[in-house]
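Work through these exercises with the sequence and the model open. Each task is followed by a stepwise solution.

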Amino acid sequence: MVSDTRSERVLIVAPVGRDAAAIADLLSANGYCAHVCSGASEAAAQAGADTAALLLTEEALVPEQVPALLNQLGAQPAWSELPVIILTSGGESRSARLLDLTAAAAGSVTLLERPLAAATLLRTIEVALRSRRRQYQVRALLEAQLARETALQAADRRKDTFLAILSHELRNPLAPIRNAAELLGSAQLTPTQLRWAQSVIRRQTGHMAALLDDLLDLARITQGKLRLHKDPCSLRSVIEAAVETARPLLEKKAHHLSVRLPDEVPVLLVDGVRLAQAVGNLLTNAAKYTDGGGSIDLEARLENELVITVTDNGIGIPADQLGGLFTMFSQVSSGNRSEGGLGIGLALVKGVVELHGGQVEARSAGSGKGSEFSIRLPVTSPPTDPESTEVQAQPDRLGKLRVLIADDNKDAADSLALLLSHDGHEVRTAYGGHAAVSVVETFRPEVAFLDIGMPELDGFAVANAIRQRRAGAEVCLIAVTGWGQEEDKRRAREAGFAMHLTKPVDPDRVRTALVRLQNGEVLDRGSAVHRVD
């Protein structure tokens with residue numbers, strides 16, 4: 001039997017005697033939802049998408065009310081064919097109005113001649129409701145398809161907007177890099193100007209690398225491939241790292257930052273790098289959307305959980321934008337004002353926090369009234385205090401290593417070779433896979449930086465070829481590639497690479513890797529210990 005819901009109502013129009021009441025009592029007694037209408041006009045007004053069937057007696061088809069009912073039946077959506085059951089007197093002389101109604105809803109009209117058994121009427125009602133339920137299923141499928149199409153269209157618009165923003169954001173740092181590079185070719189540069197040009201290139205390439213890292217991280221989160229590395233970590237160190245990340249923008253806009261931590265600063269079991277990244281993104285977001293000289297408060301407190309809030313007195317968030325803040329490529333706009341960036345920072349925050357089992361939320365009283373972002377995390381304390389064992393890269397500590405650099409991008413290979421030569425290493429370059437393999441026999445490198453995407457013989461094939469040679473058995477292989485997904489790292493591990501560096505490679509990471517090799521952390525009895533970062 002059916003459930004008593006509006007979507008399965010049976011409208012009854014029977015104006016003669018007690019016919020309507022008797023039919024309603026019969027349907028209700030058998031579990032159907034019956035609603036008696038005063039006439040065909042009321043039935044026309046009620047017979048919308050939440051009506052399952054319409055039951056009329058022939059006497060209900062009075063001339064002044066039938067047109068409205070005909071209009072309603074003719075205006076149904078494509079998925080709908082409202083079942084209409086008409087109780088007739090039988091015989092050959094059916095009224096013109098009955099014939100009109102039958103023609104208007106030909107596929108859904110059932111004529112029952114009176115007198116009829118109650119069981120016949122009930123079976124007819126049940127058949128009509130089964131038909132209507134199938135129509136509701138079709139409606140649900142159509143609505144789901146429309147929702148998917150709407151979502152795809154919205155995603156396509158966001159993609160186009162994102163590509164335009166990405167192009168803009170990458171061109172911004174390219175302009176000063178190109179200008180600084182042009183200046184470096186001048187023989188008249190003063191030492192101060194030389195240092196300035198170098199700092200511009202270093203700062204702007206760092207900005208580009210950060211953009212690409214954010215994109216890569218977001219892709220990992222979206223695909224469920226971002227893995228946390230939880231270690232004992234002090235809350236203070238997380239907050240200090242986050243503030244350091246946002247400091248350049250805070251100082252540029254002359255903001256006042258207030259930081260408040262609990263009296264007893266806990267040690268947490270978290271991925272300190274990722275959590276600092278999330279808090280740093282909130283600080284950067286607050287700095288970006290607060291006018292110069294504004295106030296930003298960062299507070300961490302212990303309740304039943306760890307609560308980290310970032311509050312600002314900036315431009316605020318319109319109520320209609322609060323719901324979509326943590327979606328990809330979302331950016332707050334107020335009036336004609338919109339800040340730069342890719343619009344992925346808050347989506348990254350949400351992904352990192354949720355991987356830690358926490359939640360992030362945003363509040364704002366509206367445009368011009370500032371905003372507050374809160375991270376809530378369960379407190380998981382490690383059994384012991386953390387001890388930092390990280391090795392810092394110090395170029396002057398490096399001993400001399402024989403280093404092979406293989407990359408089909410000649411500028412990339414030569415610039416890294418020059419950098420490592422200045423650090424005191426003996427370096428050879430190869431601009432293709434076959435050349436790299438041949439260099440191994442004569443040069444006998446201790447370390448080989450291999451570009452994975454070389455044509456003809458890629459980095460994986462080169463690694464395999466090196467391992468097959470006596471001179472390559474103990475070479476520490478480091479992959480250098482523009483691909484940084486978990487699958488790419490897995491393939492690097494399986495191919496015998498000790499490390500995986502994503503382009504553009506940070507020189508400090510290269511130096512740190514070589515320090516670790518010298519300290520025996522990776523280079524131990526050749527390449528026996530592999531750790532792909």
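**Exercise 1: Asp-458 and its surroundings**

A polar atom of the Asp-458 side chain lies 2.9 Å from the backbone nitrogen of Ala-461. The model is predicted: local features need pLDDT of at least 70, side-chain atom pairs count only at pLDDT 80 or more, and totals for chains, interfaces and linings use all residues. Residues are numbered from 1 along each chain as its sequence is written, and side-chain values use heavy atoms, with hydrogens and water left out.

Task: Describe where Asp-458 lies and what its side chain reaches.

Solution. 
- Step 1. Locate the residue. Asp-458 lies in the loop between S17 and H13. Helices (H or I, at least four residues) and strands (E, at least two) are DSSP runs, numbered from the N terminus.
- Step 2. Check accessibility. Asp-458 is partly exposed, at 28% relative accessible area. The classes are buried under 20%, exposed over 50%, and partly exposed in between (1.4 Å probe, protein chains only).
- Step 3. The backbone nitrogen of Phe-460 lies 3.2 Å from a polar atom of the Asp-458 side chain.
- Step 4. List contacts, meaning heavy atoms within 4.5 Å. Leaving aside neighbours within four places in sequence, Asp-458 touches Asp-451 and Ile-452.
- Step 5. Compare sequence and space. Asp-408 is 50 residues from Asp-458 in sequence, and their C-alpha atoms are 9.8 Å apart.

**Exercise 2: The sheet and its helices**

Solution. 
- Step 1. Read the order. Two strands pair if DSSP finds at least two bridges between them.
- Step 2. Look at one pair. S15 (residues 402-406) and S17 (residues 447-451) are joined by 4 bridges. Ala-406 stands opposite Leu-450 in S17.

**Exercise 3: One side of H3**

Task: Which residues of H3 (residues 66-74) are buried, and why do they share a side?

Solution. 
- Step 1. Pick the buried residues: Val-66, Leu-69 and Leu-73.
- Step 2. Check the arc, taken from the directions from the helix axis to the C-beta atoms. These residues cover only 65 degrees around the axis, which puts them on the same side of H3.
- Step 3. Recall the helix rule. An α-helix has 3.6 residues a turn, so residues three or four places apart point the same way.
- Step 4. Turn to the face away from the buried side. Asn-71 and Gly-74 are exposed there.

**Exercise 4: The largest nonpolar core**

Task: How many residues has the largest nonpolar core, and which element gives the most to it?

Solution. 
- Step 1. Define the set: buried Ala, Val, Leu, Ile, Met, Phe, Trp, Tyr and Cys residues joined through side-chain atoms within 4.5 Å.
- Step 2. Count. This core has 36 residues; Leu-283, Leu-298, Ile-308 and Ile-375 have the most contacts inside it.
- Step 3. H8 gives the most, with 8 residues.

Note on methods. A polar contact is a pair of N or O atoms within 3.5 Å; within protein, one must be able to donate a hydrogen and the other to accept it, and residues adjacent in sequence count only if both atoms are side-chain atoms.
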